[in-house]
Amino acid sequence: MALKFFNPIEIKILNVLTERVVGSDIYDRWKRSYAYKASTPDYSPTLTTIDRFVAGLPLNLQVQLRQGLRLFQWCPILFIGKLGPFTHLSSRDADTYIRSWAQSRFRLRRRLFRGLRDIILLGYYSQVDANIDHAAAAPRRKDDHPGT
Amino acid sequence: MTIQGHDVRQNLHETVDVCVVGTGAGGAVAAKELAQVGLSVVMLEAGAAHDPKTFSRHMPDMLLRLFWDAGMRTTHDGSVLISQGLGVGGSTVHNLCYAVRPPNPILENWGAEFGIQDLSPRDFSWSLNRVEATLGVKPIQENQVNGLNRIIRQGCRAMGWRGTVQKHNRGPCPDCSADCLLGCPASEPGLGKQSMAVTYIPQALEAGARLYTNCLVEAINTEHGRIVGATARFLSENMQQPRHTDTKTKESREVYQLTVHSKAVILAAGAVNSPQLWLKSRLPDPGKHAGRNLHLHPAIFVGGIFDQEIDAYQGIPQSFYVDHFLNIARNSDSGYLLLPAFGPMALVALNMPSFGQEHRDLMRCYRSIAALLVLLHDRSSGRVALDRQGRPVIRYRLSRADRASLVEGLIHGAQLLFAAGAREIILPYTQRTAITRERDLDVIRRRGIVENDILIASSHPQGTLRMGSDPRKTVVDSFGEAHAVKGLFVVDASLFPTSIGVPPMLTVAAMADRIARRLAANWPP
């Protein structure tokens with residue numbers, strides 16, 4: 001399924017950010033899974049879900065998100081003194097960088113972190129895999145998970 | 001008759017007695033009452049008419065379908081997330097069916113302080129009884145109290161606090177769960193959630209009212225201080241805002257309008273959209289209070305991890321609540337409720353602190369978590385204004401006293417969870433603060449309530465077009481009619497002069513019943 005909203009750079013940012021926020025190698029596991037073989041390689045179900053959700057948001061929120069991702073990508077030098085964009089950081093540096101946003105004294109940075117974190121968690125925990133992983137035996141409806 | 005706005009391919013005109021803007025707890029009731037006395041009524045709804053059978057557990061899809069701004073509406077600084085229903089039935093489609101009467105001291109205070117006539121508890125009980133009968137409100141039975149609510153009740157009793165199992169507007173439901181928050185797929189007359197979409201709206205349509213969906217009202221029209229109607233714009237199927245190009249078909253699409261000529265307009269678009277429309281339409285307001293006095297009932301999550309599985313998502317999500325700290329008879333403008341709170345995994349994930357492995361470890365405890373919301377009866381007040389594009393800008397800042405109340409509420413919530421057997425308390429700060437002993441709860445006082453560090457949510461905005469006898473202090477009179485515009489009525493939570501302190505659905509519906517019956521008796525306005 002083609003994405004409606006995100007461009008290739010944003011997809012990269014989101015893939016890295018998703019792994020750090022969700023705390024798993026979901027992208028690698030997705031590549032190893034049966035479903036992966038029959039799907040478009042680049043987009044995990046989480047990313048597809050986030051993309052569909054963001055495409056339905058009001059324009060002003062879409063613009064804010066796009067600007068936020070750009071800011072997030074290019075500020076490691078400012079906040080943790082590392083050269084290069086966020087997507088090139090090691091896992092350890094990426095976590096330090098994310099934490100610097102989460103615990104910032106500046107409200108705007110905390111707000112952006114919270115927004116990105118919440119959209120990723122929303123996308124990830126709406127997936128059937130995530131539910132199975134966490135052994136949640138919630139009753140399911142037949143037409144669940146159109147995004148997967 | 002229902003006309004789906006996204007199918008309309010021409011400009012339309014309607015000439016009716018009453019135009020109702022919004023179909024939630026207020027608008028649906030007013031439309032039904034007025035249609036049943038023989039007035040011609042048209043209802044305008046910005047969202048779609050949902051078929052409950054199409055409701056799924058997929059939270060992002062349901063957020064897009066059922067909420068304004070896909071549930072991402074916030075105050076201007078992003079500190080409070082405000083969820084408001086979109087579509088036929090409004091917020092009654094996704095709320096959790098607490099059918100709570102307004103506290104008598106609140107009504108008495110509104111009467112005494114704001115000079116509102118005929119709103120004594122006794123007078124108002126007529127409307128409350130009528131609404132309860134139509135919504136099928138009944139006490140929640142003991143065998144319907146789920147694991148989560150039992151745990152909360154157990155903790156409440158252990159602490160010696162006051163709490164009760166409430167009433168609800170819900171029929172038998174075969175598959176009731178926390179997914180109720182995303183709409184009830186079993187909802188139909190007499191079964192499942194008894195939202196406005198399956199109770200009042202069908203009755204209004206049966207009585208001859210016409211309903212336009214996907215129809216966004218852009219202006220309320222007046223002439224010489226009197227209502228003459230409203231102008232609306234039809235929207236595409238999956239879009240909240242009008243656009244010239246359909247993103248699905250890529251076809252350019254003209255924007256078609258609906259012009260309604262009416263003797264009365266009833267505003268019922270909620271406490272954010274109603275003042276937005278008021279301000280956009282530049283309606284007269286001598287006291288300059290339209291949009292001010294916003295109360296949000298801000299709510300904060302506090303969870304507990306237990307040794308045993310609670311499976312809090314199964315069964316009726318909210319049945320019991322703790323009202324020990326809402327002593328309105330003694331202090332009518334402060335206090336808070338402790339409400340059981342749970343949801344689908346995605347919603348619980350948003351409320352968990354931290355990120356990465358730490359967050360993941362918490363989510364692994366999903367089945368063993370019980371949680372509460374501290375729902376504040378707020379004194380703080382904010383404002384709805386407009387940006388340059390005419391969109392609502394919501395400003396709201398918690399007062400020092402309200403912050404202190406929320407901190408106290410979080411501590412009491414955590415004490416209750418410990419008393420019920422929790423081994424660890426989860427607080428919704430960005431950084432995880434694991435509390436495993438009651439004596440460590442003081443950390444909540446030290447951290448306090450810091451915007452954008454703690455998730456604050458609101459489902460009950462209210463008070464932005466407040467009711468009262470004095471035009472210098474209020475926007476509408478005792479019976480919901482604008483002080484300065486003849487024929488313009490407000491019947492949503494915007495009316496409330498102060499925060500009401502309890503879930504407001506029943507009060508809004510009863511207020512709409514009261515105002516509509518008065519309007520019908522004194523027709524034309």
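A search of the whole structure, a predicted model, finds 16 aromatic pairs over all chains. One of them joins B:W161 and B:F325. B:W161 sits in the loop between α5 (147-159) and β6 (163-165) of chain B, while B:F325 sits in the loop between β14 (320-322) and β15 (336-340), so the contact ties together parts that are 164 residues apart in sequence. Both residues, B:W161 and B:F325, are buried.

B:F325 also pairs with B:Y336. Here the centres are 5.2 Å apart and the planes are at 20°, so this pair is stacked. B:Y336 belongs to strand β15 of chain B and B:F325 to the loop between β14 and β15, so the pair links parts 11 residues apart in sequence. B:F325 has a relative accessible area of 17% and is buried. B:Y336, at 2% relative accessibility, counts as buried too. In chain A, ring pairs link A:F72, A:F79, A:F86, A:Y97 and A:W101 into a cluster.

Chain B as a whole contains 12 helices and 21 strands. Its C-alpha trace spans about 65 × 55 × 45 Å along the principal axes. Buried residues make up 65% of the 525 residues in chain B. Among contacts in chain B with a separation of 6 or more, 75% join residues 24 or more positions apart.

The accessible surface of chain B comes to about 18,500 Å². Carbon and sulfur atoms account for 47% of that surface. Chain B carries 55 positive and 48 negative charges, and their mean positions are 3 Å apart.

Definitions and conventions:
Residues numbered from 1 in each chain as written. Chains lettered and ligands numbered in written order. Predicted model: local features only at pLDDT ≥ 70, side-chain atom pairs only at ≥ 80, totals over all residues. Heavy atoms only, no water. Helix = DSSP H or I, 4+ residues; strand = E, 2+ residues; numbered from the N terminus. Buried < 20%, exposed > 50% of the residue type's maximum accessible area, 1.4 Å probe, protein only. Contact = heavy atoms within 4.5 Å. Areas by Shrake-Rupley, 256 points an atom, 1.4 Å probe, with all protein chains shown as cover. Lys, Arg positive; Asp, Glu negative; His and termini not counted. Charge placed at Lys NZ, Arg CZ, Asp CG, Glu CD. Phe/Tyr/Trp six-rings, centres within 6.5 Å; stacked < 30°, edge-to-face > 60°.
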